[in-house]
Amino acid sequence: MTDPGRLDAARRLVVGQLAAVDEVASRFRTDAEIVRLDAAAGASQQVSPLLAELIEVALTAARRSGGDVDPTVGGALADLGYDRDIALLPPGGPPVRVVRRPAPGWQRIRLTGQMLTLPAGVRLDLGATAKAHTADRCAALVAERLGTGVLVSLGGDIATAGPAPQGGWRVRVLDQPGEPECTIELPAGLAVATSSTLGRRWRRGNRLLHHVLDPRTCQPAPAVWRTVTVAAASCVDANTASTASIVRGPAAPGALRRERLAARLVDADGTVVTVAGWPYPDAAAAPGDTR
């Protein structure tokens, strides 16, 4: 906060927003609205305004990423053993059958206002976008209600709103202890998100799995990149690009340059690659810029 005296009030606003999102969108809660969608068995149903908003954000991310970020991988994640909060997963488990198949596909979802048609058997996972979008919502809400500059960080998804402190918001970019790190200074309004093949992992049989699935196979994307961090005008845009980059593997730097998105990628050997003027989105950067 640029006004530390408003911190308690800001925290109450953010906690309230997080509780509301968790209640509608957590696939780990049996009472969550997103879990209750299964009972419709393909019939159209009316959803809450908040869940409709979160699904619309996920569909926009899927469209903009060319399907590399697809919310219809929820069933595949559960089949691979990620069926509860990562902290509650056992350290090991029985082997899971490897079934390479495409995700059901975001194009099959129909959302008109609050009316949702979800094909029978399709389970949604909004993890790639809901947290980032909530960071954006929380930052905007605090700045508007309390009239202060604010940075909100939700598990590595960082959004800012209102005026920044002098010199910008200082953010340490580090996924795990011992990993390559750097410190950046975010100007007002800039957002940062990191996607990783290191953070949310679990073991089934002799396979070490991570949570970023390639929608073409419904299997964890090859770990070409340990982490990808992207800076953008919104946290949901940054997270969409960072998640898509994990899925795209070797093609990620080129795609980020074409989209002029400043990014920092750490490869499997720990080598750091930066593109498009990292850490600041550089509209003047040439498509081949490898700074």
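These are my notebook entries on one predicted protein model.

**Ground rules**

I number residues from 1 along each chain as its sequence is written. The model is predicted, so I ask for pLDDT of at least 70 for local features and 80 or more for side-chain atom pairs, while totals for chains, interfaces and linings use all residues; side-chain values use heavy atoms, without hydrogens and water.

**Whole chain**

I looked up the secondary structure and found seven helices and 15 strands in the protein chain. Helices (H or I, at least four residues) and strands (E, at least two) are DSSP runs, numbered from the N terminus. Next came the radius of gyration, taken over C-alpha atoms. The chain's value is 19 Å, close to the 19 Å from the globule rule for 291 residues, so the chain is as compact as a globular protein of that length. The rule is 2.2 Å times the number of residues to the power 0.38. Along the principal axes, the C-alpha atoms fill a box of roughly 55 × 45 × 35 Å.

I checked burial: 51% of the 291 residues count as buried. Buried means under 20% relative accessible area, exposed over 50%, and partly exposed in between (1.4 Å probe, protein chains only). I then took contacts (heavy atoms within 4.5 Å). Among those between residues at least 6 apart in sequence, 63% join residues at least 24 apart.

**Helix pair H1 and H3**

I fitted axes as lines to C-alpha atoms, for helices over the stretch in contact, with angles from 0 to 180 degrees between N-to-C directions. The axes of H1 (residues 7-25) and H3 (residues 49-64) come within 9 Å and cross at roughly 80°. H1 and H3 are therefore roughly perpendicular. My angle classes are: under 35 degrees roughly parallel, over 145 roughly antiparallel, 65 to 115 roughly perpendicular, the rest oblique. Ala20, Val21, Val24 and Ala25 of H1 meet Leu50, Leu51 and Leu54 of H3. I sorted the residues of this contact into seven nonpolar, no polar and no charged. Here Ala, Val, Leu, Ile, Met, Phe, Trp, Tyr, Cys and Pro count as nonpolar, Asp, Glu, Lys and Arg as charged, and the others, Gly among them, as polar.

**Helix pair H5 and H6**

The axes of H5 (residues 130-146) and H6 (residues 235-248) come within 7 Å and cross at roughly 160°. That makes H5 roughly antiparallel to H6. From H5, the contact uses Ala132, His133, Ala135 and Asp136; from H6, Cys235, Val236 and Asn239. I count four nonpolar, two polar and one charged among the residues of this contact.

Most residues other than glycine have a negative phi, and most peptide bonds are trans. I found a cis peptide bond from Trp278 to Pro279, with omega near 10°. Pro279 lies in the segment after strand S15 (272-275). Ala276 lies in the segment after S15 too. Its phi is positive, near 55°. Ala276 counts as buried at 2% relative accessibility. Arg260 also has a positive phi, near 55°. Arg260 sits in the loop between helix H7 (252-258) and strand S14 (263-267). At 32% relative accessibility, Arg260 counts as partly exposed.

**Asp267**

Is Asp267 buried or exposed? Asp267 is buried, with a relative accessible area of 18%. Its place is in strand S14. Leaving aside neighbours within four places in sequence, I find Asp267 in contact with Val224, Trp225 and Arg226. The C-alpha atoms of Asp267 and Gly249 are separated by 9.5 Å, with the two residues 18 apart along the chain.
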